[in-house]
Amino acid sequence: MKFRHELSYDASPDQVFAMLADPAFREAACAAQDVISAEATVERSGAGFTMTVDQLQNTDDLPSFAQKFAGSSTRAIQHEVWADSTGGTLRIDAPGKPSEIAGTITLRPEGSGTVEIVELDVKIKVPLIGGKLEKLLADKVRAGMDAEHGVGTEWLKGNR
């Protein structure tokens, strides 16, 4: 399943990039999503960075057929590799689950602000219900990005 989500910020691409490279911001964004636990690590390299956000997520909000697949909680490891402030790659791994989520993140200037564009391929290799699970997972990813956006909007205003 193809996934695309756009988020607008009233800040320059460099400011949004700096925020996205800050582990404290990522952990605050995870807290806004009511994750059980989260740890963000970053390694700087040249003009870019590599970010890993390892989190344990609740699955209480999933339908029962999806909870049987996911369990009472699930681990998600988000890997981002940014060459510079224009964009990077994103992969989300769920150890032990037959899912694949990978794609790109792009920061595009728009007026005096920035649009963050996330494009992903979401695949779940489960017969019969794989498509339903992909839709649920895409919705969960979208909700997580929207929560991160809410934290980011306040973060960029200096409200940390």
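**Notes on a predicted model: salt bridges and a helix face**

1. Let me start with Lys140, which is partly exposed at a relative accessible area of 26%. Bear in mind as you read on that this is a predicted model. The partner of Lys140 is Asp61, and the closest N and O atoms of this salt bridge are 3.2 Å apart. The two residues tie together distant parts of the chain, 79 residues apart: Lys140 belongs to helix H4 (residues 130-156), while Asp61 sits in the loop between strand S3 (48-58) and helix H3 (64-70). Asp61 has a relative accessible area of 58%, and because exposed means over 50%, Asp61 falls in that class.

2. Helix H4 also carries a local pair. Asp139 and Lys135 both lie in H4, 4 residues apart, which is about one turn of the helix. Their side chains form a salt bridge, with 3.1 Å between the closest N and O atoms. Both partners are partly exposed: Asp139 has a relative accessible area of 33%, and Lys135 has one of 46%.

3. Which residue meets Lys2 in a salt bridge? Asp121 does, with an N to O distance of 2.7 Å. This is another link between distant parts of the chain, as Lys2 is in strand S1 (residues 2-9) and Asp121 in strand S7 (residues 113-124), 119 residues apart. The accessibility classes of the two partners are worth a look: Lys2 counts as exposed at 69% relative accessibility, whereas Asp121, at 29%, counts as partly exposed.

4. Arg4, Glu6 and Glu119 are joined to one another by a network of salt bridges. For the overall tally, the structure holds 12 salt bridges; those described in this note are among them.

5. Finally, a word on helix H1, which spans residues 13-20. Which residues of H1 are buried? They are Pro13, Val16, Phe17, Met19 and Leu20. Viewed down the axis of H1, these buried residues fall within an arc of 160°, so they line one face of the helix.

Note on methods
Residues numbered from 1 in each chain as written. Predicted model: local features only at pLDDT ≥ 70, side-chain atom pairs only at ≥ 80, totals over all residues. Heavy atoms only, no water. Buried < 20%, exposed > 50% of the residue type's maximum accessible area, 1.4 Å probe, protein only. Arc of directions from axis to C-beta. Salt bridge = Lys/Arg side-chain N within 4 Å of Asp/Glu carboxyl O.
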